[in-house]
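Here are my notes on this one, point by point. Have the viewer open while you read.

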Amino acid sequence: MKYRYLVLGGDLRNVRLAEMLADDGNKVYSFGQDRSDKVLDDGRIEKCTSLKTAIDKAQIIIGPVPFSSNEEFINAPFAHDKIMIEDLMKSNNRKIFISGSIKDGLKKQLDERYLEVIDIMKRDDLAILNTIATAEGTIEVAIKNTDKI
């Protein structure tokens, strides 16, 4: 086994990421994705019922993009209950935390709690790829919804 990851919240991109990490031989824990029928508790990905337990088991925590839309709750559309950012902060674990579009104030708070905090949307290489994918998706929707072509 290579690493132990917690994939926390997020949309189908995070669900797929959990699968990819497991396919690569990593142990993957999932929290905040319980309403997704795509996350199978199959031994490769373990669904956790407690945020604290999930954090304790992992070496690296991967959050959603965007991390939060309101600076109170983690973006987790597949979670049964909202996940408070404050609960993530309480963990006070010295681990690596990766997410995207983290507001500066929250980033500072996370920096105090985690060994390293990586905002992937502040990396030029990933932000550019995300912009391209967003533009491609927008063009596809526009083409499908027009009768002028």
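1. The chain exposes about 9,000 Å², and 52% of that comes from carbon and sulfur atoms (Shrake-Rupley areas with a 1.4 Å probe; for residues, only the protein chains shown count as cover). Of its 149 residues, 38% count as buried, where buried is under 20% relative accessible area, exposed is over 50% and partly exposed is in between (1.4 Å probe, protein chains only).

2. Ground rules: this is a predicted model, so local features need pLDDT of at least 70 and side-chain atom pairs count only at pLDDT 80 or more, while totals for chains, interfaces and linings use all residues. Numbering starts from 1 along each chain as its sequence is written, and side-chain values use heavy atoms, with hydrogens and water left out.

3. On the fold, the chain has five helices and eight strands (DSSP runs numbered from the N terminus: H or I of at least four residues for helices, E of at least two for strands). From the N terminus, the order is β-α-β-β-α-β-β-β-α-β-α-β-α. Among contacts (heavy atoms within 4.5 Å) with a separation of 6 or more, 48% are between residues 24 or more positions apart.

4. What does Leu 110 contact, leaving aside neighbours within four places in sequence? The partners are Phe 67, Leu 88, Met 89, Phe 97, Ile 102 and Val 117.

5. Two aromatic pairs turn up in a search of the whole structure (Phe, Tyr or Trp rings, the six-membered one for Trp, with centres within 6.5 Å; planes under 30 degrees apart are stacked, over 60 edge-to-face, the rest tilted). Tyr 3 and Tyr 5 are edge-to-face because their planes sit at 70°, with ring centres 6.2 Å apart. Tyr 3 is partly exposed at 44% relative accessible area, whereas Tyr 5 is buried at 13%.

6. The other pair is Phe 67 with Phe 97: centres 5.6 Å apart and planes at 85°, so edge-to-face. This pair links distant parts of the chain, 30 residues apart, with Phe 67 in the loop between β4 (60–62) and β5 (73–74) and Phe 97 in strand β7 (residues 96–99). Both Phe 67 and Phe 97 are buried.
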